[in-house]
Amino acid sequence: REEWLKLIGRLAQDSERAPMPVLCLEALADIVDSDGGALWQRDAANPHLFRVQASFNYRHSEPELARSHPLIAFLASTGWVVDGRQAIQNPEHYSGALTSVQALVSEDVLFIPLMLDDTLTGVVSLSRPTAMPDLNFEDHDLLRTVGRQLAVFLEQTRVQQQLTQARQFEVFNRFSAFVMHDLKNLIAQQSLVVSNAVKHKSNPAFVEDAIGTIENSVRRMNRLLEQLQSGGTVGTNRTVDVLVLVADACKQAADRKPQPVVIKDTDAARLPMFGDAEKLASAIHHLLRNAQDATPSDGTISVTVSGLTNDGNVTSTQPVRCKISIADTGTGMDRAFIERRLFEPFDSTKGAKGMGIGMYQARDYIESLSGTLDVESTPGEGTTMHVVVPLTFSLQAD
């Protein structure tokens, strides 16, 4: 009992000091006062091999052992602790299964199986202290039970590492999806300029607008490149005027019908918000494009910008939050679609043209600002998207 409590306490306290295989080997060596040992663990990529994961002061260590190795096969089938002295002096106790591996199973070693349920996941070999007496059944039970506990610790560590890697891949894949979605939108803008160039290239107004579109695309592509080079950590948070941002987003969406109409429902000269202007503008622009996709050309899209108090009431003076309501007279959505599919990533109603990431990305960024994105919709009548974001109390320069 004392050895067991000491083992558990040690592994719990030292979990940050060294890799778990090293801690397990040291803890098991302390129980029998061994001055050296090695720990083989089943290879995750090739379960037919057991590879050394930790060792110290050990001269019998082999880099890897095959699952078919007589020692591994014996430990896997029996779960016994192998006492090298007993295996050499009384091989009949082990049914003669280890007589062919005396180079590994010598009199001065012990082998403890690491069993997870009924599966051998690792093996610990320890140098046998010179003064150690023959092991009795209690010693065998202790070492075998400790081996099972160490197998659990090692498996938990392996699963935690896999979970960490999976989360890292999830972040990478999520960022890649956002980049692809932004690139798709940029390509759409450039394609529209190219398709209209033949017809309107002699129109100075078109040329000026095309240059502005290209300039905006270059700026956004440079930003994407910076994000890719930094792993998505580059940010350009600053104080921006929501009124200006919404007006610019509506201007970019004016190339399609119905054109959005901005309604300013506040007397405030500006509505300052601290955040990434480009990301919020992209979110608003996506909501506008969705409204245009769902609304016939003779329909209407209105964008109302209001100031709110802390309790959610509309105010014309000293607002602390800003509400952007995008209302269309389009096809609308039922409640089931809103709850189950609207914000589900990679679920798109636009077929091959859509990635299904835009609404997810928009809500994700709005919520990162401690804001909200709510939806009101009635099939056959239209939809209203309500974006609420906090305003900054600092009117610092952009």
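Visitor: What percentage of the 398 residues in the protein is buried?
Guide: Buried residues come to 42% of the 398. Keep in mind that this is a predicted model.

Visitor: How many helices and strands are there?
Guide: The secondary structure has 10 helices and 14 strands.

Visitor: And what share of the contacts with a separation of 6 or more is between residues 24 or more positions apart?
Guide: That share is 63%.

Visitor: What about the accessible surface, how much of it belongs to carbon and sulfur atoms?
Guide: Carbon and sulfur atoms hold 52% of the accessible surface, which comes to about 21500 Å² in total.

Visitor: Which residues make the nonpolar surface patch?
Guide: L183, I187, I214, V218 and M221 make that patch, and its area is about 400 Å².

Visitor: Which helix gives the most to it?
Guide: That's α6, with three residues. Both α5 (137–200) and α6 (204–229) supply at least two residues each.

Visitor: Where is L183, and how exposed is it?
Guide: L183 sits in helix α5. Its relative accessible area is 35%, so L183 counts as partly exposed.

Visitor: Switching to charges. How many salt bridges does the structure hold?
Guide: Eight. One of the pairs is R158 with E155, where the closest N and O atoms are 2.4 Å apart.

Visitor: Where do R158 and E155 lie?
Guide: Both are in helix α5, three residues apart, which is about one turn of the helix. R158 is partly exposed at 29% relative accessibility, and E155 is partly exposed too, at 23%.

Visitor: What about R363 and E367, how far apart are N and O there?
Guide: The N to O distance in that salt bridge is 4.0 Å. R363 and E367 both lie in helix α10, four residues apart, again about one turn. R363 has 27% relative accessibility and E367 has 45%, a partly exposed value.

Visitor: Which residues are linked in a network of salt bridges?
Guide: D43, R51 and E64.

Visitor: Now D328. Buried or exposed?
Guide: D328 is buried, and it has no salt bridge. The nearest side chain of opposite charge is R256, 11 Å away.

Visitor: Why doesn't D328 have a salt bridge with R256?
Guide: A salt bridge needs a side-chain nitrogen of Lys or Arg within 4 Å of a carboxyl oxygen of Asp or Glu.

Visitor: What lies 2.9 Å from a polar atom of the D328 side chain?
Guide: The backbone nitrogen of G330.

Visitor: Where is D328, and what does it touch?
Guide: D328 lies in strand β12 (residues 321–328). Leaving out residues up to four places away in sequence, D328 touches A291, T295, T300, I301, E381, G382 and T383.

Visitor: What is phi for D33?
Guide: About 60°, a positive value although D33 is not a glycine. D33 is in the loop between α2 (20–31) and β1 (37–42), and it is exposed, with a relative accessible area of 61%.

Visitor: And phi for S370?
Guide: S370 has a positive phi near 65°, and it isn't a glycine either. Look for S370 in the loop between α10 (358–368) and β13 (372–378). S370 counts as exposed, at 66% relative accessibility.

Visitor: Last one: how far apart are Q86 and D134?
Guide: They are 48 residues apart in sequence and 8.2 Å apart in space, C-alpha to C-alpha. Q86 belongs to helix α4 (residues 84–89) and is partly exposed at 26% relative accessibility.

Visitor: What does Q86 touch?
Guide: Not counting residues up to four places away in sequence, Q86 touches P91, H93 and Y94.

Methods: Residues are numbered from 1 along each chain as its sequence is written. This is a predicted model: local features need pLDDT of at least 70, side-chain atom pairs count only at pLDDT 80 or more; totals for chains, interfaces and linings use all residues. Side-chain values use heavy atoms; hydrogens and water are left out. Patches are made of residues with over 30% relative accessible area and no salt bridge: like charges are joined within 9 Å, nonpolar side chains (Val, Leu, Ile, Met, Phe, Trp, Tyr) within 5 Å. Accessible areas come from the Shrake-Rupley method with a 1.4 Å probe; for residues, only the protein chains shown count as cover. Buried means under 20% relative accessible area, exposed over 50%, partly exposed in between (1.4 Å probe, protein chains only). Lys and Arg count as positive and Asp and Glu as negative; His and the chain ends are not counted. A polar contact is a pair of N or O atoms within 3.5 Å; within protein, one must be able to donate a hydrogen and the other to accept it, and residues adjacent in sequence count only if both atoms are side-chain atoms. Contact means heavy atoms within 4.5 Å.
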